[in-house]
There are 2 protein chains.
Amino acid sequence: MRIVESIQELRTARAGLAAPLGFVPTMGFLHEGHLSLVRRARDDCESVAVSIFVNPTQFGPQEDLGAYPRDLERDLGLLKAEGVDLVWTPTSATMYPEDFQTWVSVDELTQHLEGLQRPGHFRGVTTVVAKLFNAVGPDRAYFGQKDAQQAAVIRRMTADLDFPIEVVVCPTVREADGLAKSSRNTYLNEAQRKAATVLFRSLTAAVETFEAGGRDTETLREKMMAVLRGEPLAKVQYVSVSDPDSLDELSGEITQALLSMAVTIGETRLIDNMLVCD
Amino acid sequence: MRIVESIQELRTARAGLAAPLGFVPTMGFLHEGHLSLVRRARDDCESVAVSIFVNPTQFGPQEDLGAYPRDLERDLGLLKAEGVDLVWTPTSATMYPEDFQTWVSVDELTQHLEGLQRPGHFRGVTTVVAKLFNAVGPDRAYFGQKDAQQAAVIRRMTADLDFPIEVVVCPTVREADGLAKSSRNTYLNEAQRKAATVLFRSLTAAVETFEAGGRDTETLREKMMAVLRGEPLAKVQYVSVSDPDSLDELSGEITQALLSMAVTIGETRLIDNMLVCD
């Protein structure tokens with residue numbers, strides 16, 4: 001497994017990799033969610049590249065950039081065990097030199113859900129992903145359904161800007177009790193960790209309602225809220241029943257939807273989602 | 001010479017071209033300026049691709065999108081005679097499908113000169129050039145110094161977004177009397193065409209002043225303005241002495257500068273520039 005830091009080293013190393021190349025962009029502190037993307041890339045592609053970069057431009061001024069967990073040695077060990085060919089660990093100075101001033105933004109899709117709660121977040125995401133795509137030049141790139149809006153926004157950017165890259169979105173990986181794997185779960189203390197299953201329980205309740213024939217959006221939202229209200233440590237930021245493609249909030253009777261939510265537990269902000277369709 | 005319209009055809013045809021691939025993006029109605037870029041690409045590269053697309057997103061609502069001159073048959077004949085390998089003529093529907101919503105923008109560099117006069121212009125330019133770069137996948141791309149700010153903005157975007165593409169900027173090509181070649185020169189009637197040489201005369205006067213030791217920015221601006229005032233058909237939009245890299249307007253004594261101007265003659269807006277340095 002080759003580990004490179006500069007873009008020049010990256011380009012040289014990348015040129016020697018067999019096609020097709022699968023790419024998994026990460027912010028490190030890897031968990032089973034990331035590794036499921038790596039395995040899928042390994043299965044689909046001749047070679048696999050992973051980037052590890054905690055991207056400052058997708059964190060708001062009040063967010064957890066400084067506290068975001070990091071453990072490069074452990075990450076590299078995990079990736080080596082998965083048979084990854086190339087790991088790129090750029091520095092912030094490489095990615096954002098002093099005179100950096102170019103931004104990639106997606107308009108409508110970011111005016112919902114996370115985009116409303118975290119102004120500027122998706123501009124940071126799409127800008128860094130465009131840079132990673134150009135620097136790495138993969139044939140396929142892998143993202144998790146856990147960040148449903150991010151996946152939709154990156155799909156849109158990739159199509160709109162004609163990147164010759166297939167975006168593959170993989171299922172959310174969960175703990176045994178249903179909590180979606182996330183690097184931020186490490187922020188939770190024991191009581192908070194228990195309370196955090198409320199997102200999974202709330203989504204599951206709404207999915208069961210849908211599958212039992214409950215198609216009214218207000219009923220589905222109320223179902224999710226009822227479960228969330230039962231958890232005193234949970235503070236709801238939003239609960240949404242939206243169109244899976246446009247992310248427009250839905251009303252009335254539906255045949256498919258993205259059920260999603262953002263909840264804070266203590267200081268930790270957690271998101272989760274499930275898709276339902278007929 | 002292969003001529004393709006869809007992105008799918010483009011990718012297939014491009015895959016068969018020998019590397020390195022040189023690329024000349026154009027809005028068609030080709031003149032010697034464009035052909036000088038094609039020849040430079042031909043000299044530098046194993047194969048040459050040209051795009052012809054009048055990009056609607058770089059025209060303001062009051063600008064000349066509808067009137068912009070077009071002559072595809074003539075353009076194709078000229079490109080064939082230059083030994084171009086591949087011509088891509090996408091439609092607006094291909095480039096901007098209904099749900100298109102992704103934009104590439106360069107911040108500081110566009111807050112000067114043309115960017116101030118034409119709000120949104122450079123966002124349209126950088127977005128379409130990012131799309132063209134991704135669709136064509138060239139090794140080198142060729143732009144004219146005539147559009148000095150465009151060249152600077154595209155250089156910046158290419159570096160900031162890590163496109164693996166070398167941007168090559170080629171000298172302005174001029175008519176015998178000094179008028180910079182431009183597709184928009186076709187809008188000029190006979191009297192206007194004569195008057196249009198005032199941009200060249202004004203810039204030349206300032207260059208001569210600089211070369212004779214005149215290093216004060218106010219003197220250089222006044223030199224340009226004096227010549228422009230002598231032409232009754234010319235209406236000055238701006239006259240600038242700016243830093244060639246940042247495009248910041250300069251004051252006091254200088255050692256190098258981009259001298260540039262925008263002038264309307266009748267309804268036709270013309271721009272031109274010259275670089276001076278010690």
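**A glycine after a helix, and its setting**

Guide: Directly after H3(A), A:Gly83 has a positive phi of about 75°. The coordinates are a predicted model, in which local features require pLDDT of at least 70 and side-chain atom pairs count only at pLDDT 80 or more, while totals for chains, interfaces and linings use all residues. Residues are numbered from 1 along each chain as its sequence is written, and chains are lettered from A and ligands numbered from 1 in the order in which they are written.

Helix H3 of chain A covers residues 72-81, and one of its 10 residues is buried, so the helix lies largely in the open. A residue is buried if 20 or more other C-beta atoms, placed from the backbone, lie within 10 Å of its own, exposed if 12 or fewer do, and partly exposed in between. Over the whole of chain A, 42% of the 278 residues count as buried.

Chain A holds 10 helices and 10 strands, which are DSSP runs numbered from the N terminus (helices H or I, at least four residues; strands E, at least two). Its average pLDDT, the predictor's confidence in each residue from 0 to 100, is 98, and 100% of the residues score at least 70.

An automatic or database assignment gives chain A domain 1 (2-170) and domain 2 (183-273). The C-alpha centres of these two domains of chain A are 26 Å apart. Between them, 12 residues of domain 1 are in contact with 12 residues of domain 2 in chain A, contact meaning C-beta atoms, placed from the backbone, within 7 Å. On the domain 1 side, helix H5 (113-117) and helix H7 (148-160) of chain A each supply at least two residues.

The contact between the chains takes 24 residues from chain A and 24 residues from chain B. E5(B) gives the largest share of the chain B side, five residues. Strand E5 of chain A (residues 102-106) runs antiparallel to E5(B), with five bridges joining them; strands pair if DSSP finds at least two bridges between them. One of these strand positions is A:Val104, whose bridge partner in E5(B) is B:Val104. For the complex, the predictor gives an ipTM of 0.97 and a pTM of 0.97.

Conventions
Contact = placed C-beta atoms within 7 Å.
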